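Have the viewer open before you go on.

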Amino acid sequence: MASLSAQIPLCLALMMAACLMIGINGSIDGAQREFDYFALSLQWPGTICHKTRHCCSSNACCRGSNSPTEFTIHGLWPDYNDGTWPSCCYRSQFDVKEISTLLDALEKYWPSLYCGKSSTCFSGKGLFWAHEVDIHGTCSSPVIRDEYSYFITTLNVYFKYNVTKILNEAGYVPSNSERYPLGGIVSAIENSFRATPEVICSKEAVEEIRLCFFKDFKPRNCLASKTSCPKYVSLPAYVSMGKFL
């Protein structure tokens, strides 16, 4: 049996090895810990498209009469209750063929509203969808485990919790002249989904609305205690610059 003096260096070495294996978030091998809830982030195209300065084939703002006129999907994001979030949880290779049956729906309800390619975790620049699944989809386990599941799940949640419909029925419709009470918009969503959303603004214009969900996709309150929005906000209507040729 080794002496006590010989055992001490061995114990210290084992402790140091264990520390190296544990990431700063307390998970083994540096893996990011499991998320706490989902946030479905929705973009208001009227606000974002007003910033368009030139058109390109990838920008849905440039589709003429087919440009989006309802909230579109930004992404489904796994988040932590402390206000942080995991990202790029494992190396993946986006394959558009995996979601070929969803492309029509994705082009309509989850389009890019910008020109240029989006950054991905491991493979440089790519499609907007590749950006979302790389950064967020890879961290959605054990609820969502693959590329197809990430997109079909997000679409289903988007259709079930139709923010555009709820706001339109409450009288909050696109307008370049009207200003609406922020509290009224929040209340309309709360009354329908029994949960408080997060509203993001660009100056006085609504830019994003985020709905939050438990892991079983039942609505829960979002965490944001502050807002970037004034008391009265707009939902700008957008007139397309014309179809990209």
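First, a definition: a polar contact is a pair of N or O atoms within 3.5 Å; within protein, one must be able to donate a hydrogen and the other to accept it, and residues adjacent in sequence count only if both atoms are side-chain atoms. By that rule, the side chains of N81 and R220 are joined by a polar contact of 3.1 Å. Another one, of 2.4 Å, links the side chains of S41 and E208.

A word on what you're looking at: this is a predicted model, where local features need pLDDT of at least 70 and side-chain atom pairs count only at pLDDT 80 or more, while totals for chains, interfaces and linings use all residues. Residues are numbered from 1 along each chain as its sequence is written, and side-chain values use heavy atoms, with hydrogens and water left out.

**The whole chain**

The chain has seven helices and nine strands; helices (H or I, at least four residues) and strands (E, at least two) are DSSP runs, numbered from the N terminus. Of its 245 residues, 45% are buried. Here buried means under 20% relative accessible area, exposed over 50%, and partly exposed in between (1.4 Å probe, protein chains only). The accessible surface is about 13,300 Å², and carbon and sulfur atoms hold 57% of that; these areas come from the Shrake-Rupley method with a 1.4 Å probe, and for residues only the protein chains shown count as cover.

Contact means heavy atoms within 4.5 Å. Among contacts with a separation of 6 or more, 75% are between residues 24 or more positions apart.

**Helix α4**

How many of the eight residues of helix α4 are buried? Eight of the eight, so this helix (residues 128–135) is largely enclosed by the rest of the structure. The buried set is F128, W129, A130, H131, E132, V133, D134 and I135. They pack against β2 (72–79), α3 (103–109), β3 (118–119), β4 (125–126) and α5 (147–160).

Take the α5 partner in particular. The two helices, α4 and α5, pack at an angle of about 105°, with their axes 10 Å apart. Axes are lines fitted to C-alpha atoms, for helices over the stretch in contact, and angles run from 0 to 180 degrees between N-to-C directions. That makes α4 and α5 roughly perpendicular, the word used for 65 to 115 degrees (under 35 is roughly parallel, over 145 roughly antiparallel, the rest oblique). On the α4 side, the contact uses W129, E132 and V133, and on the α5 side E147, Y150 and F151. By class, that contact has four nonpolar, no polar and two charged residues. The classes work like this: Ala, Val, Leu, Ile, Met, Phe, Trp, Tyr, Cys and Pro count as nonpolar, Asp, Glu, Lys and Arg as charged, and the others, Gly among them, as polar.

The loop between α4 and α5 holds P142. A cis peptide bond joins S141 to P142, with omega about 10°.

Most residues other than glycine have a negative phi, and most peptide bonds are trans. C88, not a glycine, has a positive phi of about 50°, and K203, also a residue other than glycine, has a positive phi near 60°. C88 is in the loop between β2 and α3, while K203 is in the loop between β6 (198–202) and β7 (205–213).

Here's how accessible a few residues are:

| Residue | Relative accessibility | Class |
|---|---|---|
| S41 | 0% | buried |
| C88 | 27% | partly exposed |
| P174 | 36% | partly exposed |
| N81 | 43% | partly exposed |
| K203 | 71% | exposed |

S41 sits in strand β1 (residues 37–43). Beyond its neighbours within four places in sequence, S41 touches T72, I73, H74, G75, W77, E208, I209 and R210.

N81 belongs to the loop between β2 and α3. Its C-alpha atom is 6.1 Å from that of D36, 45 residues away along the chain. Leaving out neighbours within four places in sequence, the contacts of N81 are D36, Y37, R220 and L223.

P174 is in the loop between α6 (163–169) and β5 (180–181). Setting aside neighbours within four places in sequence, P174 is in contact with W44, N168, L235 and A237.
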